[in-house]
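Subject: Structure handover

Hello,

Here is the structure I promised to pass on. Please open it alongside this email.

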Amino acid sequence: MKFRVSRRTRRLTIGTVVVLAIVGFNGPALYSVASEKYHDYKINKPEYKAEKGHWEIVDIPEEFRINTIHAALLNTGKVLLVAGSGNDAKNFAAKSFRSVVWDPVKNSFKNVPTPNDLFCSGHNQLPDGKLLVAGGTQRYETLEGDVQRAGGLMIVYNENPDKAKTLPAGTKFTGQKNGMTFVSKDPIVVPRAKKKIDPVTGEAKVTSNLSRVYVEAVKKGRKYQTGAQDQYRVGGLRGQEKQDIYGIAQKLSFDKKDFQGIRDAYEFDPVAERYIKVDPMHEARWYPTQLTLQDGKVLSVSGLDDIGQVVPGKNEIYDPDSKKWSFLPRKRFFPTYPGLHLVGENKVFYSGTNAGYGPANRGRVPGLWNLQTNRFQKIPGMSDPDVLETSMSVPLPPTQSRKFMVQGGGGVGESPKSTNKTRIVDLKEDQPRFTDGPDLYDAVRYPSSVVLPDDTVLTTNGSKQYRGKSDSNVLKAALYDPAKNAYDEAAEPLVGRNYHSGGLLLPDGRVMTFGSDSLFADKANTKPGEFDQRIEIYTPPYLNKEDKDQPHLADLGDSRKTVDVGDPLSFRSDDAERIEKLRLVRPSSFTHVTNAEQSSVALKLTKGADGKLSTRIPDDPSLVTPGWWMVYAVDGDGIPSKARWVKVNVDAQAGTVTTTQQDP
């Protein structure tokens with residue numbers, strides 16, 4: 001029996017042949033266009049967005065585009081974007097420092113005068129709603145081969161017990177043996193010597209005091225470097241000062257010169273939208289971590305100092321009432337931007353995560369740190385412990401669980417190693433120990449993780465190699481469910497992000513991501529990369545449900561509430577029957593794979609008449625630190641309301657840590 005081919009089938013066959021022929025001549029380009037169109041069609045399908053979420057790029061007018069290194073959600077609902085010099089040495093030389101305030105609701109922007117180079121500073125929320133920004137950049141690094149003048153560390157001693165000495169920038173130091181002259185780059189104060197009277201003999205014992213300063217040779221050239229220790233005469237001194245004050249330096253060479261930090265500190269006022277200078281830190285810091293404690297004071301840890309060395313374990317406390325800094329009495333060393341989280345009264349969890357700088361064999365083991373006693377309890381079980389640099393640590397929701405996850409990471413420095421491991425620890429266990437969680441979507445450095453109001457964690461982006469080398473950005477994202485201990489694939493980001501990137505939860509339940517600072521823009525690593533100034537918004541699946549709007553949540557009484565820990569708190573909702581849980585979420589401050597205060601606290605929910613929702617703030621100030629928080633109401637489908645803001649006051653009984661004005 002013969003079959004006849006219909007004319008319609010013949011037309012389709014001919015059309016297919018023609019298309020295949022065209023593809024044969026125009027293959028790569030045609031496939032690329034077709035693939036792009038199909039991808040755009042797929043990610044905009046309602047069912048896709050409801051399952052995986054959706055990304056879109058924010059339209060930023062050119063005059064407000066900056067190299068966003070730091071981002072913090074303010075209690076006004078706006079976001080402070082901070083570049084400082086933006087990892088651009090030309091901007092630094094020109095003293096062009098940038099900050100922008102962005103309103104994600106109106107998508108409006110405002111340039112803010114920036115008083116110093118806050119690039120690579122530390123920042124955190126204060127009890128009154130201001131943002132503390134401390135540290136930043138005093139000097140850019142100079143790579144070996146680009147150094148034109150020999151230089152290094154000069155330690156300046158003072159043997160006079162009666163008087164400190166101020167030495168201005170430009171002070172000359174001349175070697176007694178080598179005869180070479182070096183010049184200080186910054187002013188310093190050398191404290192007076194310490195004098196102690198022997199109670200038996202009555203004799204005074206004097207111990208010299210010291211300060212440090214970076215110096216460079218007066219002239220260019222290799223012949224002006226030194227190879228051994230020497231004592232240096234200090235220029236401009238008279239009389240006895242010539243004997244009392246002197247410098248000592250080891251090798252002053254052409255080695256790579258690292259970034260150097262500053263001591264300056266500022267409070268950013270979110271209402272006035274301006275920086276207010278406060279007392280400087282005792283130590284200069286570049287790449288420090290800042291953490292609010294249970295009494296509202298702030299812990300500042302690590303960083304590169306004013307001569308480019310990792311601060312040697314001298315950690316400080318900021319008092320937002322007095323606006324002054326004081327030292328912890330005992331030292332504890334960490335690499336820069338350590339992942340720290342408050343987990344009890346003066347009890348800090350160190351996840352082992354960090355953003356680089358510091359020896360590979362010191363300060364990298366995770367553990368529990370008691371600020372009062374300085375005791376450090378190591379936590380074992382970390383898999384791939386040699387690739388914790390540029391990893392991300394996140395408190396798993398709700399924060400009461402005291403469970404933490406460490407995601408991804410890379411080897412020390414520019415190591416090509418990276419991992420897809422996740423590691424989970426339960427700090428409520430008698431003997432906490434890390435165990436492996438589900439694998440991440442890829443082996444990545446610099447993943448950004450944001451805790452969502454529905455008790456999931458969005459993790460996005462990263463790169464397989466250091467700073468995206470060899471075009472290794474990973475355009476993937478996933479949603480982790482702690483209850484299932486499993487990841488679900490999320491929509492793929494449109495922008496690749498690695499070094500100098502991050503993400504924040506917004507009050508409406510969406511997520512913003514920012515930044516990316518690739519070294520190169522091609523696989524061969526020959527084309528210099530450009531900083532990605534785009535902001536991207538992720539709308540999670542819970543905001544893409546068909547015919548399901550966000551549940552309503554309104555305040556009872558004042559639109560902005562103030563409560564103490566342990567106080568009752570009430571809201572009203574037209575959708576009270578839908579609401580199943582309340583979450584208290586800390587506004588985030590993110591930089592360099594570090595978000596020390598990210599937290600989502602479960603609130604007990606009681607429903608009353610007329611849509612009243614009642615709860616109580618937990619009475620643990622180490623769980624709910626003082627300051628502004630967001631409250632989300634979440635329905636049975638995991639859909640959150642828009643946030644309502646609540647200010648939590650410090651408990652007068654909250655524990656304080658002992659500090660000292662003396663250098664530890």
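This is a predicted model: local features need pLDDT of at least 70, side-chain atom pairs count only at pLDDT 80 or more; totals for chains, interfaces and linings use all residues.

Start with the cores. The largest nonpolar core has 59 residues. Within this core, Val79, Leu81, Trp102 and Met512 touch the most other members. Several strands give two or more residues to this core, among them strand 2, strand 3 (79-84), strand 4 (98-103) and strand 40 (535-539). Strand 49 gives the most, with 4 residues. A second, separate core has 20 residues, including Val563, Ala576, Leu603 and Val631.

Val79 deserves a look of its own. Beyond residues up to four places away in sequence, Val79 touches Ala71, Ala72 and Leu73, among others. Val100, Val101, Trp102, Leu504, Leu506 and Met512 are also in the list of residues that Val79 touches.

Four strands form an open sheet in the order 34-35-36-37, with antiparallel pairing. Its edges are strand 34 (448-451) and strand 37 (486-489), and each pairs on one side only. On average, neighbouring strands are turned by 25° against each other, direction ignored. Strand 36 (residues 477-481) is joined to strand 37 by 4 bridges. Leu479 has Asp488 in strand 37 as its bridge partner.

Last, the loop. Asn67 sits between strand 1 (54-57) and strand 2 (70-73). Is Asn67 buried or exposed? Asn67 counts as buried because its relative accessible area is 14%, and the cut-off is under 20%.

Best wishes

Note on methods: Residues are numbered from 1 along each chain as its sequence is written. Side-chain values use heavy atoms; hydrogens and water are left out. Buried means under 20% relative accessible area, exposed over 50%, partly exposed in between (1.4 Å probe, protein chains only). Two strands pair if DSSP finds at least two bridges between them. Axes are lines fitted to C-alpha atoms, for helices over the stretch in contact, and angles run from 0 to 180 degrees between N-to-C directions. A nonpolar core is a set of buried Ala, Val, Leu, Ile, Met, Phe, Trp, Tyr and Cys residues joined through side-chain atoms within 4.5 Å. Contact means heavy atoms within 4.5 Å.
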